[in-house]
Number of protein chains: 2
Amino acid sequence: MPSDSTTPELQPITEIAAKLGLTEADLVPYGRTKAKVRLNVLEKHPPKGKLILVSAITPTAAGEGKTTTTIGLGQGLAKLGQRVCLALREPSLGPCLGMKGGATGGGQSQVHPADEINLHFTGDFHAVTAANNLLSALLDNRIYHEGMSRIDPRRIQWRRVMDMNDRALRNIVLGLGGVLQGVPREGGFDITAASEIMAILCLAGNFGDLKKRLARILVAFTHNDEPVTADSLNATGAMTALLKDALMPNLVQSTEGVPAFIHGGPFANIAHGCNSVIATKMAMGLADWAVTEAGFGFDLGAEKFFDIKCVSAGLDTAAVVLVATCRALKMHGGAQKGELTSPDPERLAKGLVNLDRHVENIKRFREPPIVCLNRFDTDTDAEIQIVREHCENKLKVPFAVSDHFAKGGDGAVELARTVMEHAEKVPDPFHPLYDWAEDIPTKIWKVANGMYGAEKIEYSKKAERDLKSLEKWGYDNLPVCIAKTQSSLSDDPKLYGRPLGFTVTVREILLSAGAGFVIPVTGEIMRMPGLPKNPQAEHIDVVDGHIEGIK
Amino acid sequence: MPSDSTTPELQPITEIAAKLGLTEADLVPYGRTKAKVRLNVLEKHPPKGKLILVSAITPTAAGEGKTTTTIGLGQGLAKLGQRVCLALREPSLGPCLGMKGGATGGGQSQVHPADEINLHFTGDFHAVTAANNLLSALLDNRIYHEGMSRIDPRRIQWRRVMDMNDRALRNIVLGLGGVLQGVPREGGFDITAASEIMAILCLAGNFGDLKKRLARILVAFTHNDEPVTADSLNATGAMTALLKDALMPNLVQSTEGVPAFIHGGPFANIAHGCNSVIATKMAMGLADWAVTEAGFGFDLGAEKFFDIKCVSAGLDTAAVVLVATCRALKMHGGAQKGELTSPDPERLAKGLVNLDRHVENIKRFREPPIVCLNRFDTDTDAEIQIVREHCENKLKVPFAVSDHFAKGGDGAVELARTVMEHAEKVPDPFHPLYDWAEDIPTKIWKVANGMYGAEKIEYSKKAERDLKSLEKWGYDNLPVCIAKTQSSLSDDPKLYGRPLGFTVTVREILLSAGAGFVIPVTGEIMRMPGLPKNPQAEHIDVVDGHIEGIK
């Protein structure tokens, strides 16, 4: 999302914390406007506020402003006198230096200090990188000192990570240089957001849970086909020590001073794509409204939010806001990339089928859907009216236009009112799509059919072998975190709108034993992005002590 | 150095800062007991205090307690009512998880919070890692998008770094996987302390200087033998942005509440091995006594401290404390590793020749030497008396025994009194060993002969070619940062005592154009340590919220 580079006059973080009833003793300050919040706050303030999830229809490449809408809704609720707290993901440094720019919202709905959040922030990503790579170093060190007799260097599952878009590190041969330098083998780096440790950090409910999950990470196999875990490499304690501070959620403020936890940033395809359980729970414990988001479209991010994060952590939402934009609807109606900002009511109307499917999907979880049209300045009133009438008259779901990018909380008051009116008054638990105890193919079917609309699942030979191994090792009771393109409801990124009658192909099934899910892979997944020809990093500078060029 | 794992009751960092006349507005807090200090403090408080350098005789593998002595001396001066500030290096995470353990002093002379300083601290090492690896990513990205027609992938000088002891990354082949994944080439990782960016951070006098040095880093050559700089890759601004906070020095406290800047940690062989210029200057600006250290023995670390850091930054010392231990003297007298803690006055007396040479070396810089015997509990009074008599009667240099490890500042009062008595009353500038404008072989000779006692220098064919290239590109007016073993005055790590009549062989000459020195390499230099068979990381844990096992 584009954002202006001017930072508003920020309030001291102690004042933001005071809005949540927190005192200085609850905080670990990082400068004047950022703080980590101590974990014992969770015990003093158990979750009780209403949780609102912001998700989106199938997005364009530029995204539909989910983060901006989440922040805008929070500010809108605050305008209406509500006690509200945001819970968002941390941006990754790599994409920020690459093409995408920062991820702190935009316009009058941002989190601040944006530049610091986009760069090192409080060091959580660096801590995840260090813990991940310590495990790699301990593993290769074990192979080096033991010889290759036990661990099979060809069956190492654990990759190193770096918080950088660095395509040259995707596939490497390491351990070269002779007997004193290691054991040659194939390997590679993923971006830090794709580290299983990031997913673990985000799913851990407390210190003990963090340690338990780190211990059970599967890193390799022996020549006898026995799994090698992080714990068997004596890596658990040191990894936990490296993550000790990272487990505390980070408190910052929005453009209008709404408290915001920004904590954890896992991928939404090979991981579950939402901020930490601890941040979400803390937001619910400290405010009457906790507003959060889940990565990409509802089918991808929100499904994982419910079936993995909420089931695992015992969370429940009071309503789901589905963000739609005119440009994405036009794309789903057949408009090409260059045409998305031109008025085109016909294609927009045609594209509403995508919205329909996502609304149905929200209802499959038996949660109240609220459609939010995130207004762009190229939208016409006629276009917006089409979406409103479709939602109110045909779908019969609550609808609001929001103009939080341009107007901040004032622009989101309609949305905030709609949310307050339609959120569950009495908690009514969501219904997960599947039971974790079901077998893996059943779980995959329930998601692919129930969410994506697939009519058939095919498994590659590799995926079939993976299934057998997962059953053999007792991992078949884990939830499924399906890696699928974010550009379509189907597994084909070119199928816009509401694809029908398609088959989803499972190519392989990966395991994140520590995070606690299996990953059926249905397409190319990019775990280490590359830099574009003209990377954003080449335009960043420090001028008069201020960072410029982070979009 | 071993340290107890108990942390004393720490004072709020604001109170420590107040001892230096700093207010909250001067600080960027990182928790309650760590803070970065804003750079404008330098302008308000120009250097005026006396600078004391702590160095050592040729050390054993375990080190002779230079850091502990530096902290002890600071505490001793404070006991005598002096206004004092320490300036020390930041520990590297890699060795802390490997064999060496932490680097925050020991016993009653430590800097705190030790565990946090040893792990992520305020993120400076992570920032250096990110800036270093961004440059790599931009370089490989350029090669990828331009094709291989311009930059020669076989002549890339810039390596990636990681703050981890990871031997498997020393030599790698990267860019594998076909046309979409990059351009295959040889490469590798160094540990972050060996990054030229760490040296740059430590030599930069201010933001502008940092930027200038980053811009001129030499990363590769074109097929036409033209140098490719960081600036030509448009990397300068983004690297500066990543290092923006890291340039501010970190303030913590010693066991007895003495203020301590801990900032920057470059290697002492391929770099200059001392904390940042900014931290040293700030300590001198805020206190009457600034106590600092330089890596390894005087010949290696202190020579670079004077000829590179002090010349570059316009610094000068008031005295040099040379740390000796009975065990190191016994080693230089011929005792074997297992014999160093047994009484052995004869070998100890024989080993004093090493001490003699270092005292002469201090005098070559025309600075007042003070010998400090860092007391260990295995030392006998008879042994200590031999050293005292040798220093006072034969060398006629001030001598003090210090027991700061066991007794803190009280144990260092004799040392502190001796320093106060013998430090220059009126500033008397040191004399560098050479003039930067001299040619490289002359500079190498003046260090190798003047410091190490070499009688001859030999150059390999490679080194001769390197000399020609450096002259061709105009880098011959840079100071020489000689990479040599720390275990001997000579370039042969097995020659203890005071080697005579030896030849130093220059194998190659590297360039750190950004940091601003050339590196004549005289032996194997380890830029990426490996983990031992039983790494310290396997013994680290978090118990009841406290980190255990970081020695």
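This is a predicted model: local features need pLDDT of at least 70, side-chain atom pairs count only at pLDDT 80 or more; totals for chains, interfaces and linings use all residues.

Student: Which elements of domain 2 of chain A give two or more residues to the side that touches domain 3 of chain A?

Tutor: Those are α7 (196-203) and β11 (218-221) of chain A. Helices (H or I, at least four residues) and strands (E, at least two) are DSSP runs, numbered from the N terminus. α7(A) gives the most to that side, with 4 residues. By class, the side of domain 2 has 7 nonpolar, no polar and 5 charged residues. Here Ala, Val, Leu, Ile, Met, Phe, Trp, Tyr, Cys and Pro count as nonpolar, Asp, Glu, Lys and Arg as charged, and the others, Gly among them, as polar.

Student: Where do the domains of chain A run?

Tutor: Domain 1 covers 13-122 + 246-422, domain 2 covers 124-242 and domain 3 covers 440-522. These bounds come from an automatic or database domain assignment. The C-alpha centres of domain 2 and domain 3 of chain A lie 25 Å apart.

Student: And what area is buried between domain 2 of chain A and domain 3 of chain A?

Tutor: About 790 Å², with carbon and sulfur atoms giving 56% of that. Buried area is the accessible area (1.4 Å probe) that two parts lose on being put together, summed over both. On the domain 2 side of chain A, A:Glu196, A:Arg216 and A:Leu218 supply 47% of the area buried against domain 3, more than any other three residues.

Student: Which residue forms a salt bridge with A:Lys472?

Tutor: A:Asp225, with the closest N and O atoms 2.7 Å apart. A salt bridge is a side-chain nitrogen of Lys or Arg within 4 Å of a carboxyl oxygen of Asp or Glu. The count between domain 2 and domain 3 of chain A is 1 salt bridge.

Student: What's the backbone like at A:Asp225?

Tutor: A:Asp225 has a positive phi of about 65°, although it is not a glycine. Most residues other than glycine have a negative phi, and most peptide bonds are trans. A:Asp225 sits in the loop between β11 and β12 (227-229) of chain A. Its relative accessibility is 24%, so A:Asp225 counts as partly exposed; buried means under 20% relative accessible area, exposed over 50%, partly exposed in between (1.4 Å probe, protein chains only).

Student: Is A:Lys396 buried or exposed?

Tutor: A:Lys396 is exposed, because its relative accessible area is 63%. A:Lys396 also has a positive phi, of about 55°, and lies in the loop between α14 (381-395) and β18 (399-402) of chain A.

Student: Which peptide bond in chain A is cis, for example around A:Pro113?

Tutor: The bond from A:His112 to A:Pro113 is cis, with omega near 0°. In chain B, a cis peptide bond joins B:His112 and B:Pro113.

Student: Changing topic, how many residues of chain B are in contact with chain A?

Tutor: 66 residues of chain B are in contact with 66 residues of chain A, where contact means heavy atoms within 4.5 Å. The two chains bury about 5,500 Å² between them, 61% of it on carbon and sulfur atoms. The count of salt bridges between chain B and chain A is 8. A:Arg32 forms a salt bridge with B:Glu24, the closest N and O atoms being 3.6 Å apart.

Student: Which element of chain B gives the largest share of the side that touches chain A?

Tutor: That is α6(B), with 12 residues. The residues on that side of chain B divide into 36 nonpolar, 16 polar and 14 charged.

Notes
Residues are numbered from 1 along each chain as its sequence is written. Chains are lettered from A and ligands numbered from 1 in the order in which they are written. Side-chain values use heavy atoms; hydrogens and water are left out.
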